[in-house]
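This report describes selected features of a single structural model. Please consult the sequence and the three-dimensional view while reading.

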Amino acid sequence: MLVLSQYYEETYAVDLIGDSAEGVGYLLKERVGDVDAFVEAVGRVAAGGSALDPEVVRRMLGRRLPEGPIDQLSPREREVLAAMAEGKSNRGIAEALFISDAAVEKHVTSIFHKLGLNPGPPSTGACSRP
């Protein structure tokens, strides 16, 4: 399911993602003008990945709840989580952050553990537990 929205609505984004970001996306309509990026996002979601608008990710990571699970993440884990939310594969995250594939896997595992998420069965896309 890919939601296109005029405005960022935190409750919609959180409800959409739920326990797993697999096969879901939340994009702001203003970004749809980039047809190539939109088509890529649709393909990623259709393949079971995720596509979250960078502004949505920024706002979700930027919201401050006192001592929430996000606060447990290191700065690097937050970068990895943001890249995952953008739908990047583990390899894409490694290239974007100039780290090894093994480091990405370590960070993803740590993120899932710290956030208390069950990653489900392994897959080849982002948001999968290596």
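## Packing of α5 against α6

The model is predicted. In it, helix α5 (residues 90-97) packs against helix α6 (residues 101-115) at an angle of about 110 degrees, and their axes are 9 Å apart. An angle of 65 to 115 degrees counts as roughly perpendicular, and α5 and α6 are therefore roughly perpendicular to each other.

On the α5 side the contact is made by N90, R91, I93 and A94, which meet D101, V104, E105 and V108 of α6. By class, this contact has four nonpolar, one polar and three charged residues.

## The largest nonpolar core

The largest nonpolar core has 29 residues, of which Y8, Y26, V56, V80, M84, I93 and I111 touch the most other members. At least two residues of this core come from each of α1 (10-17), β2 (24-28), α3 (54-62), α4 (75-85), α5 and α6.

Apart from neighbours within four places in sequence, I93 is in contact with V80, A83, M84, K88 and V104.

## Helix α2 and G48

Helix α2 (residues 35-46) comprises 12 residues. From its first C-alpha to its last, α2 reaches 16 Å, close to the 16 Å expected at 1.5 Å a residue. Just after α2, G48 adopts a positive phi of about 95 degrees.

## Individual residues

L2 belongs to strand β1 (residues 2-5). Its relative accessible area is 26%, so L2 is partly exposed. Not counting residues up to four places away in sequence, L2 touches G25, Y26, L27, F38, V42 and V45. The C-alpha atoms of L2 and A41 are 8.6 Å apart in space, although these residues are 39 residues apart in sequence.

H107 is located in helix α6. Because its relative accessibility is 12%, H107 counts as buried; the cut-off for this class is under 20%. With residues up to four places away in sequence left out, H107 touches R76, E77, V80 and I99.

D71 lies in the loop between α3 and α4. At 33% relative accessibility, D71 counts as partly exposed.

Technical notes:
Residues numbered from 1 in each chain as written. Predicted model: local features only at pLDDT ≥ 70, side-chain atom pairs only at ≥ 80, totals over all residues. Heavy atoms only, no water. Axes fitted to C-alpha atoms, helices over the stretch in contact; angles between N-to-C directions. Helix = DSSP H or I, 4+ residues; strand = E, 2+ residues; numbered from the N terminus. Parallel < 35°, antiparallel > 145°, perpendicular 65-115°, else oblique. Contact = heavy atoms within 4.5 Å. Nonpolar A, V, L, I, M, F, W, Y, C, P; charged D, E, K, R; others polar. Expected span 1.5 Å × (residues − 1). Core = buried A, V, L, I, M, F, W, Y, C linked by side-chain atoms within 4.5 Å. Buried < 20%, exposed > 50% of the residue type's maximum accessible area, 1.4 Å probe, protein only.
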